[in-house]
Amino acid sequence: MSEKRENDNVVFIGNKPFMNYITSLIVQFTNKNHDEVIVKARGKWTSRAIDVVERVRKRFLKDE
């Protein structure tokens with residue numbers, strides 16, 4: 001159970017639709033009140049992870 005809580009602020013990027021990851025990050029910051037969210041990706045998904053983070057940072061978290 002404690003392991004689940006430690007990884008509660010981690011989002012793994014893969015082949016799901018792009019907006020699913022953006023929604024997941026927004027939920028982590030707003031509903032779960034995390035100060036930081038860790039985004040993890042490997043291989044060909046690395047560029048998608050960067051795109052997701054940049055989109056969230058520029059469009060949804062402008063004030064922070």
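## Exercises on a predicted α-β-α-β-α chain

Of the contacts in the protein chain (heavy atoms within 4.5 Å) with a separation of 6 or more, 67% join residues 24 or more positions apart. This is a predicted model, where local features need pLDDT of at least 70 and side-chain atom pairs count only at pLDDT 80 or more, while totals for chains, interfaces and linings use all residues. Residues are numbered from 1 along each chain as its sequence is written, and side-chain values use heavy atoms, with hydrogens and water left out.

**Exercise 1. Work out which pattern the helices and strands follow along the sequence.**

Step 1. Count the elements: there are three helices and two strands. These are DSSP runs numbered from the N terminus, with helices being H or I of at least four residues and strands E of at least two.

Step 2. Read them off in sequence order, and you get α-β-α-β-α.

**Exercise 2. Describe how H2 and H3 pack.**

Step 1. Two packed helices are described by the angle between their axes and the distance between the axes. Axes are lines fitted to C-alpha atoms, for helices over the stretch in contact, and angles run from 0 to 180 degrees between N-to-C directions.

Step 2. For H2 (residues 18-30) and H3 (residues 46-60), the angle is about 55° and the axes are 10 Å apart.

Step 3. Now classify: under 35 degrees is roughly parallel, over 145 roughly antiparallel, 65 to 115 roughly perpendicular, and the rest oblique. H2 and H3 are therefore oblique to each other.

Step 4. List who touches whom: H2 brings Phe18, Tyr21, Ile22, Leu25 and Ile26, and H3 brings Arg48, Asp51, Val52, Arg55, Val56 and Phe60. By class, that contact has eight nonpolar, no polar and three charged residues.

**Exercise 3. Decide whether Leu25 is buried or exposed, and find its contacts.**

Step 1. Leu25 sits in helix H2.

Step 2. Its relative accessibility is 3%, so Leu25 counts as buried (buried is under 20% relative accessible area, exposed over 50%, partly exposed in between, with a 1.4 Å probe and protein chains only).

Step 3. Skip the neighbours within four places in sequence, and Leu25 is in contact with Val11, Val37, Val39, Val52 and Val56.

**Exercise 4. Find what stands out in the phi of Asn33, and where Asn33 lies.**

Step 1. Recall that most residues other than glycine have a negative phi.

Step 2. Asn33 is not a glycine, yet has a positive phi of about 55°.

Step 3. Asn33 is placed in the loop between H2 and strand S2 (38-40), and is exposed at a relative accessible area of 60%.

How values were computed. Nonpolar A, V, L, I, M, F, W, Y, C, P; charged D, E, K, R; others polar.
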